[in-house]
Amino acid sequence: MGTHMDAPCHYCENCWRMGDIPLEMLFGPAIVIDVKDKTDVNPNYEMTIQDLLDWEEKYGKIPKGAMVLVSK
């Protein structure tokens, strides 16, 4: 929903601000999906389900509860 951690609170009522997020939610398993080749061609590219499926085909199933980081 945005480029920083508490972006949802700018759009929703009763959402967590940065200081409200429990520390245990800020670390854990993560994956990085690189879409740079697509954003080089289209700076407005929006990640799709197919990007996730392509990642899983190459690296295996995304771990349950993993954070998904997008590199562009």
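This is a predicted model: local features need pLDDT of at least 70, side-chain atom pairs count only at pLDDT 80 or more; totals for chains, interfaces and linings use all residues.
In which helix do Lys-36 and Asp-40 both lie, and how many residues apart are they? Both belong to helix α1, which covers residues 36-41, and they are four residues apart, about one turn of the helix. The protein has an average pLDDT of 86, and 89% of the residues score at least 70. Confidence is highest in helix α2, residues 49-59, with a mean of 97, and lowest in strand β2, residues 67-71, with a mean of 90.

Lys-36 and Asp-40 are joined by a salt bridge whose closest N and O atoms are 2.9 Å apart. Side chains of opposite charge can pair when their charged atoms come close. Lys-36 is partly exposed, because its relative accessible area is 41% and that class lies between 20% and 50%. Asp-40, at 52%, is exposed, since exposed means over 50%.

The count of salt bridges comes to two. The other pair is Lys-38 with Asp-51, where the closest N and O atoms are 2.4 Å apart. Lys-38 lies in helix α1 and Asp-51 in helix α2, so this pair ties together parts that are 13 residues apart in sequence.

Trp-55 and Tyr-59 are four residues apart in helix α2, which means a separation of about one helical turn. Trp-55 is buried, at a relative accessible area of 13%, whereas Tyr-59 is exposed, at 53%.

The strands come next. β1 spans residues 30-34, and β2 runs parallel to β1, with five bridges joining the two. Which residues of β1 are on the covered face, and which on the uncovered one? Ile-31 and Ile-33 make up the covered face, while Ala-30, Val-32 and Asp-34 make up the uncovered face.

The segment before β1 remains. Leu-23 is found there, and with a relative accessibility of 64% Leu-23 counts as exposed. Together with Met-18, Leu-26 and Phe-27, Leu-23 makes a nonpolar surface patch of about 430 Å². Asn-14 is also placed in the segment before β1. Although Asn-14 is not a glycine, its phi is positive, at about 60 degrees. Asn-14 is exposed as well, because its relative accessible area is 81%.

Note on methods. Residues are numbered from 1 along each chain as its sequence is written. Side-chain values use heavy atoms; hydrogens and water are left out. Patches are made of residues with over 30% relative accessible area and no salt bridge: like charges are joined within 9 Å, nonpolar side chains (Val, Leu, Ile, Met, Phe, Trp, Tyr) within 5 Å. Accessible areas come from the Shrake-Rupley method with a 1.4 Å probe; for residues, only the protein chains shown count as cover. A salt bridge is a side-chain nitrogen of Lys or Arg within 4 Å of a carboxyl oxygen of Asp or Glu. Buried means under 20% relative accessible area, exposed over 50%, partly exposed in between (1.4 Å probe, protein chains only). pLDDT is the predictor's confidence in each residue, from 0 to 100. Two strands pair if DSSP finds at least two bridges between them.
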